[in-house]
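This report describes a predicted model. Please look through the sequence and the coordinates before reading on.

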Amino acid sequence: ATPTLARAMSTKITVALDWTPNGNHLGFFVAKDKGLYDAAGLDVKIVSPADAEYDGSYNPGDRDADAPGAPKYVTPCSKVAEGSAHFAMNSPEGVVGWNTAPGRPQLKAVAALLRDRNTSAIVTLKSSEINSMKDLDGKRYASYAARFEGRIVQRMIQHAGGVGDYVEDTPPMLGIWNTLLEGEADATWVFTQWEGVEAKLKGVELNAFPVCDFGVPYAYAPCLCAHPEWLPSNASAAKAFLKATAEGYAIASAEPAYAADALVRIAKRDHSFDIDPALAKGSAEFLADKFLDPDTKRWGRMDGAVWSEYVNWLWESGLLTTGMQSRHPDGGRTFSLDDLRAGNAGERIALESVPVVFTNDYLL
């Protein structure tokens, strides 16, 4: 069969990235470049927040996403929930959020992109002289406006001896990093493999406060999620996709220079997105030993104890509540980010009611 005919006959899979293409995504881009998905009979489309369908959420535009008549606030997991994507990336607290939100599908984590759980950090500019998490009291934090995010940052500040009283700003997501660099925010949450490497290349010195170092038994960040109803009815496609992706990450681990080059080329070809080759290379080298389990050399598998410890911590810290975030809160089910941090966050969720949020069943 011709390549075009083969693709027409193959199973279509759409993957929604959590951010513009970066080092965390190397395995997907390597699998595309090496033809691993094609060989598995899959026609895989990667959707990036740099693409137009994310306007109004990730991209600068309508800041008031909840206002009447505003465009739909699109996130990677909302695409999986509605069926326009099959897999999406999310943070561990995002996964818990989908599994504790009435009326929403309980999306399950199906793979951990990284086995190292401490590659994200709250950062400040060294020039700001904010040298500790406790120094963030009274300062401005650039937030992604997620349900548990502000309260996790608050607990980190408190763990360092602070009060946890700070201003939570919500600029368009893809502009958050620049608000820190330009002095419009004092701190934000980043992946050290990307913004951390970019800062070094630019000669910008950062103070980094890794999440696990401040009392948070963080789970897998980012992880890959899928719809609990789609998975069992499409098990062979899900397994084939994860197997090819695992091969991509194994290659990225062994050949970081090649993986960086593949990321740069495919992001440009498929998304018209330019990546600095030096940034891609630095990120790939940083991550090379963080994708695979050092003992089994396998990718993606998650430990139930890690998830349990994280969910238990959210509950014990008082974060596991029914309140959902909104810019137009109703005070019953939805609350402002300020309300959530102040403890006005709905009812406490019973720990035993939280379902298992992950599965390894589709990994080989």
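Is Cys223 buried or exposed?

## Cysteines

Cys223 is buried, and its relative accessible area is 0%. The closest cysteine sulfur to that of Cys223 belongs to Cys225, at 4.7 Å. A disulfide needs two cysteine sulfur atoms within 2.5 Å, so the sulfurs of Cys223 and Cys225 are too far apart for a bond.

Cys212 is partly exposed, with a relative accessible area of 27%. For the sulfur of Cys212, the closest cysteine sulfur is the one in Cys223; the separation of 13 Å is again too far for a bond. Over the whole structure, a search finds zero disulfides.

## Sheet

An open sheet is built from five strands, with mixed pairing, in the order β7-β6-β8-β5-β9. The edges are taken by β7 (167-169) and β9 (206-210). Each of these two has a single partner strand, so one side of each lacks a neighbour in the sheet. From one strand to the next, the twist averages 35 degrees.

One of the residues involved is Ala142, whose bridge partner in β7 is Asp169.

## Helix on the sheet

Helix α8, residues 192-202, packs on the sheet. The strands touched by α8 are β5 (120-125), β8 (187-191) and β9. Between the direction of α8 and that of β8 the angle is about 115 degrees.

Notes
Residues are numbered from 1 along each chain as its sequence is written. This is a predicted model: local features need pLDDT of at least 70, side-chain atom pairs count only at pLDDT 80 or more; totals for chains, interfaces and linings use all residues. Side-chain values use heavy atoms; hydrogens and water are left out. Two strands pair if DSSP finds at least two bridges between them. Helices (H or I, at least four residues) and strands (E, at least two) are DSSP runs, numbered from the N terminus. Axes are lines fitted to C-alpha atoms, for helices over the stretch in contact, and angles run from 0 to 180 degrees between N-to-C directions. Contact means heavy atoms within 4.5 Å. Buried means under 20% relative accessible area, exposed over 50%, partly exposed in between (1.4 Å probe, protein chains only).
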